[in-house]
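I opened a new page for this protein today. My plan is to go from the overall layout to single residues.

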Amino acid sequence: MVQSRGNTSSTCVYWSQANEFCGYAVVSTENGFDHFTHTTPVHHYTDDIEFFDFTQNGQDVVVGTGSKSEPNSFYDYDTNFCNIFNLFRNGNVSTLNYDITIKYGTCDFHPDTSNGYDPAYAQCNTY
């Protein structure tokens, strides 16, 4: 089930953490293409997030994802990576809700996760 994480204490259980864990909204979910937005808490930019190309690979599900900053930015301080990464965790805990493998493709700005996700947890607690 897909749920929004709004920007108030009554719509987001992570509100007290005052970081990037709230501000998510569902735009549409249809035919293997899911569109979400994330509104940043400080500057109130609304970024687009997409999940697409769902394929079954044995017991695993492979999903393509993307996040686009609005307005466009040349360096986003890993915000687009964190927009997606934070959806797979409960607030600022340093564990994931799912066993994931990340392949970056065209994502130029992201923490180095080649030796584990600790750098991503630290970075994404801020962005």
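**Layout.** I read along the sequence and noted the pattern β-β-β-β-α-α. That gives four strands and two helices in the protein chain. I am working with a predicted model.

**Whole chain.** I looked up how much is buried. Of the 127 residues in the protein chain, buried ones make up 33%. The accessible surface comes to about 8100 Å². Carbon and sulfur atoms own 50% of that surface. Then I checked contacts between residues at least 6 apart in sequence, and 35% of them join residues at least 24 apart.

**Core.** Which residues have the most contacts inside the largest nonpolar core? I wrote down Ile 49, Phe 51, Phe 81, Phe 85, Phe 88, Leu 96 and Tyr 117. This core has 15 residues. At least two residues each come from β3 (46–57), α1 (79–85) and α2 (118–124). Helix α1 gives the most, with four residues.

I then picked out Leu 96. Leaving out residues up to four places away in sequence, Leu 96 touches Phe 85, Phe 88, Arg 89, Tyr 117 and Tyr 121.

**Surface patch.** Phe 54, Val 61 and Val 63 make a nonpolar surface patch of about 230 Å². I located Val 61 in strand β4 (residues 60–68).

**His 38.** I found His 38 in strand β2 (residues 33–39). Is His 38 buried or exposed? His 38 counts as buried because its relative accessibility is 0%, and the cut-off for buried is under 20%. Its side chain makes a polar contact of 2.8 Å with the side chain of Asn 83. A polar atom of the His 38 side chain also lies 2.9 Å from the backbone oxygen of Cys 22.

**Ser 69.** This residue lies in the loop between β4 and α1. Ser 69 is at 10% relative accessibility, so it counts as buried. The side chains of Ser 69 and Asn 80 are joined by a polar contact of 2.9 Å. Not counting residues up to four places away in sequence, Ser 69 touches Asp 47, Asp 76 and Asn 80.

**Val 26.** I placed Val 26 in strand β1 (residues 24–30). With a relative accessible area of 32%, Val 26 is partly exposed. How far apart in space are Val 26 and Phe 36? From C-alpha to C-alpha I noted 4.5 Å, although the two are ten residues apart in sequence.

**Backbone angles.** I kept one rule in mind here: most residues other than glycine have a negative phi. Then I looked up two residues with a positive phi. Asn 31 is not a glycine, yet its phi is about 45°. Asn 31 lies in the loop between β1 and β2. With a relative accessible area of 80%, Asn 31 is exposed. Asp 53 has a phi near 50°, again a positive value in a residue other than glycine. I found Asp 53 in strand β3. Asp 53 counts as exposed because its relative accessibility is 54%, and exposed starts over 50%.

Note on methods: Residues numbered from 1 in each chain as written. Predicted model: local features only at pLDDT ≥ 70, side-chain atom pairs only at ≥ 80, totals over all residues. Heavy atoms only, no water. Buried < 20%, exposed > 50% of the residue type's maximum accessible area, 1.4 Å probe, protein only. Contact = heavy atoms within 4.5 Å. Areas by Shrake-Rupley, 256 points an atom, 1.4 Å probe, with all protein chains shown as cover. Polar contact = N/O pair within 3.5 Å; in protein donor to acceptor, adjacent residues only side chain to side chain. Core = buried A, V, L, I, M, F, W, Y, C linked by side-chain atoms within 4.5 Å. Patch = residues over 30% accessible without salt bridge, like charges linked within 9 Å, V, L, I, M, F, W, Y side chains within 5 Å. Salt bridge = Lys/Arg side-chain N within 4 Å of Asp/Glu carboxyl O.
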